[in-house]
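Colleague: I would like to learn how to read pockets and helix packing in a model. Could you walk me through one?

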Amino acid sequence: MAGAEMADPGTVRPGGRTARVRTAVLRAAGDTLAEQGFAHLDLADIARRAEVGRTTVYRRWSTVTGLVADLLTDMAEQSLPRTETGSLLGDLTANARLVQRTLADPRQGALFKAVIAAAVCDPKTAEALHRFYEIRVQEWAPCVQQAVDRGEIPEDTDPHEVIRAVSAPLYHRLLTSGLPLDEAAADRAAEAAVAAARAGAYARQTA
């Protein structure tokens, strides 16, 4: 049990008997983030909204950053698995549309805005956000490697960079441009990533 004792607050997943408590608390935390932002995230208020004992919340998560870390971990684990269509464009379009649907959702989009804003000035939140994003990149990177194996794109293509390139324009729309975050935007992001990959833009960097 030493590993569990040394883990960061909120990173140890509870067993079956406490899963209901975790689900209720994470739901309340996500609702608060979406409605009011990170600044209004308070463990006592989360306990009240989740109808869970305050002591339980403080003991399990300890800090709001620990709670956000666990929320992002849960979101990554609950995200849909990758889609494999047999072509790079098909796979990346599926990825882009999944990201688009998530960010365009009123609750999820507001939640991501709140977490990203908090990550700018809070290192623990930034670490949790980076971990969430890398889990999703790792999930979809095999689609790009399969395209390499099929000869669709150059052998030295970095799969992780291709996946990051798909979602980057969609996050840009969410946070800065105010442009519509629709399926057309998702499809363009996928098409651009495929074109760039075919041109060798995402070759692995050598030392």
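This is a predicted model: local features need pLDDT of at least 70, side-chain atom pairs count only at pLDDT 80 or more; totals for chains, interfaces and linings use all residues.

Colleague: What volume does the largest pocket have, and which residues lie nearest its centre?

Modeller: Its volume is about 600 Å³. The lining has 27 residues, and Met-75, Ser-79, Thr-102, Gln-108 and Phe-132 lie nearest the centre. The elements that each give two or more residues to this lining are α2 (19-36), α5 (64-78), α6 (88-104), α7 (106-121), α8 (123-150) and α9 (159-177).

Colleague: Which residues line the second largest pocket?

Modeller: This pocket holds about 190 Å³ of space. Its lining residues include Phe-112, Ile-116, Leu-129, Phe-132 and Tyr-171. The largest share, 5 residues, comes from α8. By class, the lining has 8 nonpolar, 1 polar and 1 charged residues.

Colleague: Now the helices. How are α7 and α8 oriented to each other?

Modeller: In general, two packed helices are described by the angle between their axes and the distance between the axes. Here, the axes of α7 and α8 come within 6 Å and cross at roughly 125 degrees. The two helices are therefore oblique to each other, and α7 passes α8 in a left-handed crossing.

Colleague: Which residues meet where α7 and α8 touch?

Modeller: From α7 come Phe-112, Val-115, Ile-116, Ala-118, Ala-119 and Cys-121, which meet Pro-123, Thr-125, Ala-126, Leu-129 and Phe-132 of α8. The residues of this contact divide into 10 nonpolar, 1 polar and no charged.

Technical notes. Residues are numbered from 1 along each chain as its sequence is written. Side-chain values use heavy atoms; hydrogens and water are left out. On a 1 Å grid over the protein atoms alone, a cavity is a set of points where a 1.4 Å probe fits but cannot get out, and a pocket is an open set with protein on both sides within 12 Å along at least five of seven lines; lining residues have an atom within 4 Å of a point. Grid points are joined across faces, edges and corners, and a volume is the space filled by probe spheres set on the points. Helices (H or I, at least four residues) and strands (E, at least two) are DSSP runs, numbered from the N terminus. Ala, Val, Leu, Ile, Met, Phe, Trp, Tyr, Cys and Pro count as nonpolar, Asp, Glu, Lys and Arg as charged, and the others, Gly among them, as polar. Axes are lines fitted to C-alpha atoms, for helices over the stretch in contact, and angles run from 0 to 180 degrees between N-to-C directions. Angles under 35 degrees count as roughly parallel, over 145 as roughly antiparallel, 65 to 115 as roughly perpendicular and the rest as oblique. A crossing is left-handed if the near helix is turned anticlockwise from the far one by less than a right angle, and right-handed if clockwise. Contact means heavy atoms within 4.5 Å.
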